[in-house]
Amino acid sequence: MTEDNIADTAIEVDPVTLEVLRNGFESVAEEMSANLVRTSYSPNIKERKDASSAVFDADGRMLAQAENIPVHLGAMPYSVRSVVDALDLGPGDTAIHNSPFSGGAHLPDITFVSPVFVDGDLVAYVANRAHHADVGGARAGSVAADSTSIFGEGVQIPPVKLFAGGDPVPGVFDLLLENVRTPDEREGDLRAQQAAPAEMVEGESEQLFCPFEADWYARNKGSPIDFEAGIDGVLTSEEYLPAAVERGTCPHRAMGVLLESAEVVVANYNHLFDPDSRPLIESILGEDTFLVVDEAHRLEERTRDLLSDRVGRRTLTRARNDVETLLSRARESDDHEATLRAELESHDVPIGALRAARDFYAAVLDWLDDRVARFLDAEVGRDWRAGGELPDHDFELPLRDPEVVERDELTEWAEEAGYTGDLWRALPAIGMAVEGAIDALDLSRTPVAVPAGTILSRWWERDHAGYLREIELEHAPSEGEGWQGQYTAGLVCFECMPGETLRDVFGGLGGGILMSATLEPLDVIEEVVGLSALEGERPVVERTYDLPFPAENRASWLVDATPFTAHNRGDPEEQTDPDSWNRTRDEYAHVLRTLARSPGNVLLALPNYREAAWAGAYLESAVDCPVYVDGSSSFEATEDLKQSFFAEDDAVLVTSTRGTLTEGVDYDGDKLHTCAVVGVPLVNIGSPRIRAVRRAYGDAFGEDVAFEYALTVPAVRRARQAIGRVIRGTDEVGVRALVGRRYVPGERHSVHEYLSPGEQAEFVRMTPEFLPGQVESFWKTHGD
C-alpha cells in the first residue's frame, strides 16, 4: 500500500478512542508474551524470556509490541511481510519463518505468524519470535563461531505453514525435529509459540481471548480432570498438563486442586524447599504430612542453591522502568497523577518514595556496570573495551573476602551514597504500590518491582556470616554491546548455611525419613541439615543397613597409590607423553590400565573432566576395547554416550566423579562389572562460594571440623555414590576400587573414617603392584 492510498483510507479517531485502541493492542501483545513464557519448555524462553510478541494490521504493518527484545521487534515486521507475501493464511493457520534473508535474525530466532479473522474478514496478524536453544547446524546451540556459511548454523525455514486449520501440517513438524539435537524441547517451545496467539484467533468457538487469563480472572477453583485419567489412580504431568491446556485451564491451578485429594505426592526438591515453588504445595504441608526424601545426601547442596537469591541486571532495569513509567504517566495529566497518588495512598507509599526507588535502581545499575567493567579490566585487560574478545566462561565476583565476615561492596557503596536501610527495606512495599498503580492506570506491562524489591530488601537484611554476596557473570552471547553482549550479570546472595531453613521445614511436618546409601557420617548430616536442633523437640532416630548382596560376589580394594592431588599429578594438558610423565601419572596409568582390562564393562571416575580426558586418551591406546570419554556436554550427548556404553559387553567409560554418570544411573545386570574412583573428588576449594561455606561452617560447628563438613565429607559421599554403580543385585558380580592413599586408614589426610562402617571393614588395602594379580584371581574364580 502506498503513502497516497494510506491517506485515502485514513479515518479520524478521537484521542480517547485512540488511547483505548493503543492500550488494547499493547495488552494483546503483552498477554501473548506472558502466555508464551508460561507455557514454554526451555530456560531460554521460560527463564531468560528471550522472546517477543507484536500485533500487525491486515496489511502487515505493526500496530503494537510488547516490551521485549528490541532486535526481535525491529526485524519482525519484515518477517511478517515475507509471510504475508508468500502465503495465503486462513482461520487456524500458523506460519513459521527464520530466514535472515527476509526479515529473520540469526537462525535460532523462529517467528510465528497467525491471522486474526472477525466474521470471516481478515482484520490483523499476531506474531511472536523466540530464541530456540538448537536448530541444528555444526555446533550445539546453533551459534557456531567457526561457520564459514549459513548452512553450518542450522536449518533455514522459509515462510511455511506449521499449522493449518489449527492442526499440525503433516511432515513439517517431523522435518524440523529431525534436524535438531533436542527434539522434545523444541516441540514444546514450538507448540508454546503456536498456543500464545492461537487463543486470540477465531476458531470453532470464536474465542478471541486467552483461556488461561479467563480462568485466572474467573478464579475457577475446579480441575477439568480427576485421578481416573491416570493408570491405577496415579496421575502424572503427562496426563493432567495436556488435558488442562486443552480445556483452557492453567496446569498449575489444576495441579493445586488435585493435590488436595491426593494420598501420595511425588515431588522434587524445588516443590518443598524453593520459596518460589513451595506455595504450589503449601496447602498439603502440616503435622499430618509424612515426608520421604530420597538421595538425601544431596539435601545440603541442592537446598543451598534453591535458597540463594539472584536478581539479574535486566530485572533491575525493568524494575526501574516500572517506576519511571508511572512517574512519566503522572506527568501527562492531572487525572493520571490523581489516580497514581490515590493508589499510592492506599499502600501508604508517598510519590516521593517512587522517585527515590527509581533513582536507587538507576544508581545500582550504574554501580553494577562499573564494577563489572573494572573486574574485567583486571581479569583480562582493557582490550575488550575496543572490541577485543572476552573469555567464554562464567565468572564469580565476590563482593567481600569470603573468609572474613564483613559488609559487601554494594551495601557499603549504597550507604555512602545515601541509600540507607530504610529505602532497601521499603522496596517490597513500593513494588506492591507500583504493581497496583500500573493496574489502576491500565498500563500494558508486567511489573517486576515486587520480586526485585524483595530480593534487594533481603540483600540488606540478611547477615554477612551466613550469606555471600557476589556478582555472577553467566556467559550467554547476545546482541548487546560490550561485556553485555557476552554475559548476563546478576546480583547473588548465596546461602551458605541451609540448615536453619531445613530445620524449620522438617519441624513443621508430622515426621519423615531421610534416606540414602551414602548418608554416613550420620552425625555430620544431622548437624548440617538441622536435625540436631530438632532433637529437643522430637526424636531423631538413626538406622543403617549393610549391602545385602553376597560378599563373595565382590572384590573391594583400597589401592594405596600416591595421593592423586593436583600438586602431585601436575597439569594433565602438560602430561600427554608417557615418556615424560611424572612419577604419579605413571603410577596411575598402571592402575587405570589394569582395571580397564578387567572383563566386562568398566567405569573409571576421575576427579574432573580434564583428568577424565587425559585418562581416556591414554587408555584408547592401552586397551583392546572401546573407550568412551564423558565430558561437560548436553543431556542428549551424555544420554547417547551412556546408551552406547550399555550396548557394549566389554568397554570402558571414563568420566568425572562429579558428573552425571556417577549418580542416579542404574548400571544393573551386565551393564557394569568394575567401578573405580580415582582420588578424592574435592570441589574447587578456591571458589569464593566454597570458601564462604567453609568460613560459615567454622563459625557454626567449629573451625576444627569446617573443612571436613564443607568439603571432605561431601566429596567422599560422591565417591561412594560412584562406587555404588556396580553390584546392583543379588546375582551380580563385580569389582570396586577406591584409588589413592587418602582412602587408606592411618595415612596423612585420610578420609577412611568417612566411609560407612561396613565399607571400612570390607575394603582391603593393596599396593598397585599387587593389583594385576588380584584382578586376575578374582575373575578367574568368578568366570569372565
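1. For the composition of a lining, Ala, Val, Leu, Ile, Met, Phe, Trp, Tyr, Cys and Pro count as nonpolar, Asp, Glu, Lys and Arg count as charged, and the other residues, Gly among them, count as polar. With that convention, the lining of the second largest pocket divides into 24 nonpolar, 10 polar and 16 charged residues. The model under discussion is a predicted one, and every value below should be read with that in mind.

2. The second largest pocket holds about 1,500 Å³ of space. Its lining is made up of 50 residues, and those that lie nearest the centre of the pocket are M515, S516, A517, L519 and R543. As for secondary structure, β13 (511-514), α19 (522-528), α25 (703-723) and α26 (757-762) each contribute at least two residues to this lining.

3. The loop between β13 and α19, two of the elements that contribute to that lining, contains P521. The peptide bond leading from E520 to P521 is cis, with omega near 0°, and I would ask you to look at this bond when you inspect the backbone there.

4. How many cavities of 30 Å³ or more does the structure hold? There is one, and the volume of the largest cavity is about 60 Å³. It is lined by I110, D134, V135, V155, I157, L176, L177, V180, R186 and L190, a set that divides into eight nonpolar residues, no polar ones and two charged ones. Both α5 (172-177) and α6 (183-198) supply at least two residues of the lining of this cavity.

5. Helix α23 (635-646) has 12 residues, and the distance from its first C-alpha to its last is 16 Å, close to the 16 Å expected at 1.5 Å a residue. Which of its residues are buried? They are T638, L641, K642, F645 and F646; because these cover an arc of only 135° around the axis, they sit on the same side of α23. The partners against which the buried residues of α23 pack are β15 (602-606), β16 (627-629) and β17.

6. Is D649 buried or exposed? With a relative accessible area of 68%, D649 is exposed, and when residues up to four places away in sequence are left out, D649 touches G600 and N601. The C-alpha atoms of D649 and H673 are 9.9 Å apart in space, while the two residues are 24 residues apart in sequence.

7. Helix α17 (residues 449-461) has 13 residues, which at 1.5 Å a residue should span 18 Å, and the 18 Å between its end C-alpha atoms agrees with this. The buried residues of α17 are A449, V450, A452, G453, I455, L456, S457, W459 and W460.

8. D348, in the loop between α13 (334-346) and α14 (351-380), has a phi near 60°, a positive value in a residue other than glycine; at 70% relative accessibility, D348 counts as exposed. H749 has a positive phi of about 55°, although H749 is not a glycine either, and its place is in the loop between β19 (734-739) and α26.

9. W413 belongs to helix α15 (residues 409-416). Its relative accessibility is 21%, and W413 therefore counts as partly exposed, given that buried means under 20%. Setting aside residues up to four places away in sequence, W413 touches A363, V364, W367 and Y419. Between W413 and L423 there are 14 Å in space, C-alpha to C-alpha, for a separation of 10 residues in sequence.

10. A551 counts as partly exposed, at 44% relative accessibility. Although A551 and V733 are 182 residues apart in sequence, their C-alpha atoms are 9.5 Å apart in space.

How values were computed:
Residues are numbered from 1 along each chain as its sequence is written. This is a predicted model: local features need pLDDT of at least 70, side-chain atom pairs count only at pLDDT 80 or more; totals for chains, interfaces and linings use all residues. Side-chain values use heavy atoms; hydrogens and water are left out. On a 1 Å grid over the protein atoms alone, a cavity is a set of points where a 1.4 Å probe fits but cannot get out, and a pocket is an open set with protein on both sides within 12 Å along at least five of seven lines; lining residues have an atom within 4 Å of a point. Grid points are joined across faces, edges and corners, and a volume is the space filled by probe spheres set on the points. Helices (H or I, at least four residues) and strands (E, at least two) are DSSP runs, numbered from the N terminus. Buried means under 20% relative accessible area, exposed over 50%, partly exposed in between (1.4 Å probe, protein chains only). Contact means heavy atoms within 4.5 Å. The expected span of a helix is 1.5 Å times one less than its number of residues. The arc is that of the directions from the helix axis to the C-beta atoms.
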